[in-house]
Amino acid sequence: MENANRLAQVGIIVEDGAATDRVNSVLSEFGAFVVGRMGIPYRSRGVSVISVVIDAPAPTVNALTGKLGMVAGVSAKALFSTK
């Protein structure tokens, strides 16, 4: 049961606009697991904040955040549901 799907929220902060295409590419790789996505351009700070809801096995969520975290100018963290 360790690979059962988990509900997770992935918070992403994009501090370098040049990373946007790479972030979208990574998210597309995991598109089958995405429940919903909301992006907020925070222009006064020069960043974008993205919230993605994922329904996937924990290793898949961790792979997503790991790939995003390797993109320069991008920070990503996952929050898992307890249910």
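These questions and answers cover salt bridges and strand pairing in a predicted model.

Trainee: How many salt bridges does the model have?
Mentor: The rule takes a side-chain nitrogen of Lys or Arg within 4 Å of a carboxyl oxygen of Asp or Glu. Arg22 and Glu29 meet it at 3.9 Å, N to O. Glu29 and Lys67 meet it at 2.7 Å. The count comes to two.

Trainee: Which helices hold Glu29 and Lys67?
Mentor: These residues form a salt bridge. The pair links distant parts of the chain, 38 residues apart. Glu29 lies in helix 1 (residues 20-29), and Lys67 lies in helix 2 (residues 58-69).

Trainee: Is Lys67 buried or partly exposed?
Mentor: Buried needs under 20% relative accessible area, and exposed needs over 50%. Lys67 has 30%. That value falls in between, so Lys67 is partly exposed.

Trainee: How many bridges join strand 1 to strand 3?
Mentor: Strand 1 covers residues 5-14 and strand 3 covers residues 47-57. They run antiparallel. Leu7 has Asp55 as its bridge partner in strand 3. The number of bridges is ten.

Trainee: Which residue in the turn between strand 2 and strand 3 has a positive phi?
Mentor: Strand 2 (residues 34-42) and strand 3 run antiparallel, joined by eight bridges. Gly36 stands opposite Val53 in strand 3. The two strands form a hairpin with four residues between them. The phi is about 70 degrees, and the residue is Gly46.

Note on methods
Residues numbered from 1 in each chain as written. Predicted model: local features only at pLDDT ≥ 70, side-chain atom pairs only at ≥ 80, totals over all residues. Heavy atoms only, no water. Buried < 20%, exposed > 50% of the residue type's maximum accessible area, 1.4 Å probe, protein only. Pairing = 2+ DSSP bridges.
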